[in-house]
Every structure is written in C-alpha cells, then in structure tokens.
Amino acid sequence: MTSTPKSFGGGFWKKRADGSPSKIRAVTTSSKRNGFQDFDDDMSEAWSVVEDDLILSHTPTTGPSASSSTGVPPPSRPHGASSASPPAPHSSSSLSSSSPPHPSAATQRQPQTSSSVKQTQVQPQQQQQQQQQPAASSSSTAPHAAGHQTSQQQQQQQQEAPQSVLQTGLLSPSLMPAPPADTPDLPQTPATRGTSARTTGAEQQHKDRREGKEDGSEEQEKKKQQQQQEQDEGRLKRQSSNSRVGVVPGSVMPVTRFTLPGEVKSRAEMKIGQFEKALNSGNIDIERLKRLSWSGVPSQIRPMVWRLLCGYLPANLERRQATLERKREEYKALVHRYYDTRHDAENKKTFHQIQIDVPRTSPDVATFQQPVVQEMLERILYIWAIRHPGSGYVQGMNDLVTPFIAVFIDDVLDCDFAVCDVTTVPPVLLADVEADSFWCLSRLLDGIQDNYTTAQPGIHHKIARLQDVIKRIDRDLFDHLESTGVLFVQFAFRWINCLLMRELPLHCTIRLWDTCLSEKDGFASFHVYVCAAFLKMFSKQLQARDDFQSLLYGLQNLPTSTWGFDEIELVLAEAFTLQSVFDDSRAHLTAKQ
Amino acid sequence: MATRKKVLLKVIILGDSGVGKTSLMNQYVNRKFSNQYKATIGADFLTKEVTVDDRLVTMQIWDTAGQERFQSLGVAFYRGADCCVLVFDVTVPRSFESLEAWRDEFLIQASPRDPEHFPFVVLGNKVDLKDNRAITENRAKSWCDEKGNIPYFETSAKEATKVETAFLTIARAALQQEKDEDIYHDFKDAVNLDDVPDKKQDGCGC
C-alpha cells in the first residue's frame with residue numbers, strides 16, 4: 001500500500017511540527033492566509049526570528065557538530081524551554097518585574113542556552129546530573145529553585161560552553177528556540193529509522209538477554225517481519241503491529257530500537273536514552289518519567305508513556321501486561337453490556353447528542369472522518385457518559401478523545417496517520433486503541449469533573465482564576481479587555497471546556513498534553529497558567545484592537561494555525577514560571593477570591 | 001430620534017444542537033456553506049454591516065452552543081440582545097419541540113424590558129432535505145402564530161434558501177426593538193428623576 005517504511009508512530013503532527021526547514025519557513029508565508037492581518041504581521045515577524053534560527057540549527061551541512069548542537073539534552077524542567085524565549089513581543093517583561101522573588105528569566109536565558117548547547121558534548125554523567133536535579137520538579141517548588149538550578153548548571157557548564165558555541169557558531173544564544181521535544185527526530189527520516197532498527201541488532205540482543213528470552217524472541221520475530229514489511233506486504237505489516245502493540249506496554253522494545261550505537265548521539269537518541277533508562281526499570285519511577293516527559297515525549301514512545309502518565313498502566317513491569325489485558329477486556333465488557341442501551345428512552349438524548357457531534361469532530365483530519373474511527377468515538381463517549389451520570393456527555397468531550405486516539409492509533413498504523421485507511425488495521429488492534437483511549441480519557445476527565453457538571457462550576461472557577469492571573473501579570477491587557485467590554489467568559493469558556501484544543505493544531509495539543517500529563521493536576525490547575533501564558537502571548541496585538549467586536553473576534557480566532565512545537569513550548573515555559581510564582585503566593589489569590 | 005447614531009444590533013441565534021445555527025450565520029455573513037463546522041462551544045460571533053430601510057446598521061450575530069449544559073452561559077451572551085432567532089431542523093421533531101424551551105430560557109436569562117413584545121424570528125432549517133422532512137410548514141407556522149405572530153421562514157443554509165430574506169426581517173425586528181428601547185430609555189429616565197425626591201423623604205428601610 002505504501003512504499004515508505006514504517007514510520008514508528010511518527011505521526012503527522014510530529015512531521016508537520018518538526019518538519020524540514022522548508023516547512024518551518026512556511027510559517028511566515030502561509031500565516032498571511034487566514035485573514036488575520038494584524039496578528040499575522042506581528043506574529044510572523046516574531047516567528048521569523050525563531051524560524052531563521054531553526055533553519056540554522058537544523059542545517060545538516062555543518063556536519064557532526066551541528067547535529068550535536070541541535071541535540072540539546074532535554075532539561076528535566078522547562079527552564080530550558082524558557083531559556084529559549086526569543087525576543088518575541090510576548091516576552092514577559094512585566095512578569096519579571098511583577099514577581100520580585102523570581103529570578104529574572106531574561107538574565108538567565110542566555111547562559112543557560114549556551115550551556116545546554118555545550119551539554120550535548122559533555123559526558124553522560126553530567127546529563128544524568130542535570131536530569132536528576134530535583135529542584136524544579138514539584139509544582140510547589142519555590143520560584144528560586146528553578147533559577148538556582150539553572151545558575152548552578154550554568155556555572156558548571158559555562159566554563160566549557162563558550163568554545164563549543166563558537167565552534168558551531170550557529171546559535172545566537174538569545175535566539176535559541178525552546179528545545180522542541182521532538183525535534184530530536186528531525187534528522188531521522190523514516191528511512192534512517194529503518195536503518196537504525198537494523199543496525200542495533202547487537203544492542204538489542206544484549207537487551208534481550210537482560211529482559212528475558214520472551215521479549216527477545218518477539219523482537220527477533222518483529223525485526224524479521226519488519227524487513228518483510230519493506231517488501232510491501234500489507235498483511236505481515238499488520239501482524240508486526242499486532243505483536244508490537246501487544247508488547248509495547250510490557251517491554252521496552254520500541255525504545256531500544258531507537259538507540260543507535262556509536263560515539264556521537266543526537267539529542268533524539270539521548271532523550272530516548274533517558275526515557276529508556278526510566279522505562280527499563282522493573283518499577284518505573286513515575287516522578288522521574290514525569291520530569292522527562294515535561295519537556296516533550298518522543299513520538300515513538302508516546303503511546304506507552306501516555307498510558308503510564310495517565311495512571312492507566314501500572315509502574316510495575318510485571319503487572320503491566322496483565323493490567324492492560326484486564327482493562328481492555330473490561331472495556332469490551334462495558335461496551336457489550338451498555339452499548340445496546342443507547343436507544344432506550346432515558347439514554348436516547350445522550351446518544352443523539354454524541355451522534356451529532358462525532359461527525360464534526362476534527363473535521364479537518366481525514367482519519368476522524370472514517371466510519372470505523374467514528375464508531376469508536378461513539379462507543380467511547382457513550383460508555384463514558386452513562387458511567388458518569390453526574391455530568392453525562394458534554395460537547396467538547398469529543399475533542400478530548402482525539403489526541404488519545406491519534407496517538408494510540410498511530411502506533412498500530414502502517415502508514416501516516418493523516419492519510420491512512422484505518423480499515424486496513426485488524427479490528428483486534430483497533431479494539432485495543434479504543435479501550436486504551438477510553439481509559440485514558442476517563443483518567444483525564446476524572447481530574448476535571450467539575451468542568452462538566454451542571455452549570456459547569458469548574459470552568460467558571462478557572463475563568464475567574466485566569467482573570468485574576470492576567471490582572472496581575474498583564475494589567476494593561478486586563479484593563480483593555482475591561483474597557484472594551486469583553487468578558488473573559490466570552491472567549492475563555494471554550495479554552496477551558498476544550499482544554500485549548502480548539503485554539504491549537506492537533507500536534508500542538510499533543511505536545512501540550514505531554515506536559516499537562518506530567519504535571520500534578522495538570523488539567524485542573526497548571527492548565528489555567530497555560531491559558532494565561534497563551535493569552536499574554538497575544539497581548540500586544542490584542543491591545544491594538546480597540547473596539548469590542550474586533551477584539552473579541554481576534555480572541556476567538558487567534559492565529560495559531562501555523563504553530564509548531566516552538567510556539568507551544570514558549571507558552572509552556574511561561575506557564576511554568578507563572579505557576580511557580582502564583583502557587584508560592586497562593587495566599588494572594590485566595591485572599592482575593 | 002434627533003441624532004442618527006451608529007446602530008449596532010445584537011442578534012442571538014438559539015436552537016438545539018446540529019440544527020444549523022453556525023451554518024446559517026456563516027451563509028448569511030460569508031455566503032459560504034461548509035459541512036466541516038465543529039460543534040460550537042460557548043458562543044461565536046460574526047458581524048455584518050447591512051442597510052435596512054436606508055439605514056446602515058451593524059449586525060452583531062451571536063451563534064450559541066446548542067447543548068443544554070451550556071445554558072448557564074446565557075447571561076453572559078444574551079444580555080443586550082435586540083432580536084432572538086430560534087432555529088429548528090425540519091427533519092428533527094425534537095428540535096421543533098424545543099423551541100418553546102429556548103424561548104422561555106432566553107426571556108429568563110436576557111430579561112428584556114418588555115418580554116411580551118420582544119422580537120423573535122423562527123427559522124425552520126434544512127428544507128433541502130425534502131425526503132426526511134418531519135415538521136410541516138403549517139405546523140411550524142401555527143406555533144409561531146400562537147406565540148404572538150412570530151415571523152417564520154423556511155431556510156436552507158446549504159442552498160442559501162431564504163437566508164438573506166430571513167436575516168433582513170431579523171434586522172428590521174432588531175432595529176425596531178432598538179428604537180423602542182431608546183424610547184423606553186427616555187421614559188425610564190424621567191421616572192428616575194421623579195424617584196429622586198421620593199428617596200430623599202423616604203422613611204422606610206428599603
């Protein structure tokens with residue numbers, strides 16, 4: 001069906017986001033198209049800074065040093081990302097002035113960036129050190145913590161840094177974009193991935209020995225099948241997927257597959273290596289996994305990592321496979337037991353609503369228009385709704401399933417998610433995707449139940465908090481909104497009801513969820529700061545709109561269609577800063593309320 | 001009406017989920033139909049400048065979410081409305097039966113000064129789906145008559161049937177409402193002035 005080798009879960013969103021320089025360059029040109037001139041002009045200007053830098057840093061012609069310079073090891077926390085704030089209009093000058101205890105981000109950014117550039121060439125222990133720095137790991141950490149950590153690292157690394165920066169000579173430190181979580185995969189075209197899978201034979205055998213024969217033999221078998229895949233044998237491809245999916249959660253195969261031998265490791269490999277370490281243990285340290293995932297999960301291991309972060313899969317390796325099988329069976333039983341009740345008088349209305357919404361779920365993504373996928377959506381939403389009569393199905397929940405389906409289905413597809421015919425996937429695999437999506441959605445919604453109960457108190461509460469945060473960090477914008485008569489509820493309701501999904505392209509949502517799933521109360525608490533950072537990002541352009549109508553229209557149609565990981569990571573970095581500041585001085589907020 | 005101030009008309013579109021509120025608004029404002037609209041969450045809005053009886057007016061059209069759960073938002077979105085458009089899908093009886101509830105809900109939440117005479121317009125949408133038609137024109141009309149002669153139009157957002165005509169009527173109704181509001185406003189002010197001495201000499205605790 002397709003001549004390209006399997007893309008190992010390299011989903012369309014990743015490709016788009018990571019894409020080649022030419023893709024990134026499209027940011028400026030295509031942003032003009034959405035009829036949002038004011039924003040576009042300003043934003044594309046801001047992005048073009050990032051863009052040039054990206055092109056530079058990903059230009060392969062600079063040889064090995066270039067590739068390692070892109071290989072910024074993921075900081076355990078977002079200060080790496082925040083270090084990257086380009087001089088975009090949203091840079092948080094007002095924040096740093098309004099939050100005295102917080103170390104001025106701006107002053108730290110430059111050295112931090114250069115040090116992380118160097119870090120790729122520094123010994124592994126140092127990465128370990130960095131990774132294990134616990135300072136900024138908990139959301140209640142004092143604002144200093146992050147700063148303290150960075151400065152420590154800086155001091156340590158800065159001594160080694162300058163040379164390498166000069167050497168590579170391609171990174172203007174202040175312009176260095178946030179280390180995009182998945183950029184690591186950039187140089188890895190599907191073809192090279194295939195090669196890497198083959199070249200790692202020795203290492204995999206080693207792993208196999210460590211992990212026991214069973215996994216090893218499966219791996220062997222899978223490798224064989226993979227070679228056959230390349231000869232375009234659709235059916236075998238599916239079997240391969242099958243075995244992969246059957247094993248993914250219980251083993252580390254998809255992880256080891258990507259470990260390349262050799263001296264020079266790219267950032268991708270190092271990041272995967274770190275994940276590998278975290279995932280290999282018989283009892284995964286979820287906190288450590290969260291620290292790693294905060295700055296983005298490589299797409300090929302995202303399905304497994306998300307299952308763990310959601311709390312759907314147990315940290316204990318031995319229990320994992322059994323749990324997975326049990327939960328999948330349990331879901332099947334739920335469908336068997338309840339799905340027929342959808343036409344009963346008391347459930348008719350719910351199912352009718354779901355049926356109306358499913359066809360208009362992600363209408364721009366072809367996969368979600370396929371009947372097989374739509375039926376999955378219907379079942380997931382219906383079963384969830386009748387098991388949660390307190391809220392039932394609420395519009396927007398249909399959006400919230402899509403990232404899970406996209407991530408999990410991509411794992412069993414033989415071709416690109418965006419163009420693949422899902423009917424070619426064996427039903428048994430789709431059933432697993434469906435069950436996993438259901439349980440992960442349930443976990444996610446458990447944390448934000450009050451968003452969807454009668455009168456939606458959770459949403460109104462979060463809007464009030466968002467308003468309060470904006471009032472403190474961007475008084476000018478707050479006053480502007482107030483003077484033009486725009487209410488927060490008029491734009492932010494949708495932001496919170498759909499967790500910003502309506503405002504962002506799917507690949508950005510997925511990246512955002514890497515972080516939110518890694519945060520304690522990510523969608524209930526941290527997400528409000530994400531909304532605040534998101535709003536603040538457009539502050540200048542919004543303040544230029546001085547009447548109610550153009551302002552609200554702007555707010556409801558923010559120009560994010562060309563966003564990639566860099567932009568969303570800027571938002572995340574800012575959100576992290578806000579959370580550090582506000583959670584430490586929560587008294588201010590609560591006193592106000 | 002001494003001054004000819006710039007007129008802004010606020011129109012709210014209500015109705016069950018999936019009856020075509022977003023499509024109607026977009027057909028009217030952008031003259032486009034798409035079957036790719038996502039479910040509206042909260043409310044979206046668009047504006048259009050139109051000339052109604054030689055007056056240039058700006059219509060601010062609010063397209064709301066159809067699910068009942070979002071009704072708590074009503075106050076934020078309905079306030080200050082000059083006309084309310086009730087939409088149902090002629091192929092879905094339930095959406096027609098909901099009209100009454102939507103009307104009541106609007107009057108409660110928007111609390112217009114003169115609910116008895118507040119202008120509504122009813123649109124029976126999707127008339128292009130002739131084979132699936134479930135609500136006859138007569139049935140819809142008689143409901144509208146019952147509710148105080150609400151204007152009724154049979155529309156198709158998909159084929160742009162009667163959309164323009166319907167919105168012109170909506171704009172007229174809104175404009176009339178706006179004028180009435182002005183008059184009411186003046187009257188109210190006068191009453192307020194009278195109230196002032198009362199307050200000064202009031203001896204009760206209220």
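Buried area is the accessible area that two parts lose on being put together, summed over both. In this predicted model, the area buried between chain A and chain B is about 2,700 Å², and carbon and sulfur atoms give 54% of that area.

**Interface of chain A and chain B**
- The contact involves 33 residues of chain A and 31 residues of chain B.
- On the side of chain A, Arg360(A), Gln395(A) and Gln549(A) lose the most area to chain B, together 22% of what that side buries.
- Two salt bridges are found across the interface, and 14 residue pairs are in polar contact there.
- A salt bridge joins the side chains of Lys349(A) and Glu68(B), at 2.6 Å from N to O.
- Helices α20 (345-357), α26 (489-497) and α30 of chain A each supply at least two residues of the side that touches chain B; the largest share, six residues, comes from α20(A).

**Nonpolar cores**
- The largest nonpolar core has 157 residues, and Ile409(A), Phe491(A), Trp513(A) and Phe106(B) have the most contacts inside it.
- Helix α28 (residues 522-537) of chain A provides the largest share of this core, 11 residues.
- Domain 1 (267-316) and domain 2 (456-592) of chain A each contribute at least three residues to this core.
- Another core, of 30 residues, lies apart from it and includes Val19(B), Met25(B), Leu123(B) and Ala166(B).
- Among the residues that Phe491(A) touches are Leu535(A), Leu552(A) and Leu555(A).

**Helix α30 of chain A**
- Seven of the nine residues of helix α30 (residues 548-556) are buried.
- The buried residues of α30(A) include Gln549(A), Leu552(A) and Leu555(A).

How values were computed:
Residues numbered from 1 in each chain as written. Chains lettered and ligands numbered in written order. Predicted model: local features only at pLDDT ≥ 70, side-chain atom pairs only at ≥ 80, totals over all residues. Heavy atoms only, no water. Core = buried A, V, L, I, M, F, W, Y, C linked by side-chain atoms within 4.5 Å. Buried < 20%, exposed > 50% of the residue type's maximum accessible area, 1.4 Å probe, protein only. Helix = DSSP H or I, 4+ residues; strand = E, 2+ residues; numbered from the N terminus. Domains from an automatic or database assignment. Contact = heavy atoms within 4.5 Å. Buried area = accessible area lost by both parts, 1.4 Å probe. Salt bridge = Lys/Arg side-chain N within 4 Å of Asp/Glu carboxyl O. Polar contact = N/O pair within 3.5 Å; in protein donor to acceptor, adjacent residues only side chain to side chain. Lists of a residue's contacts leave out its neighbours within four places in sequence.
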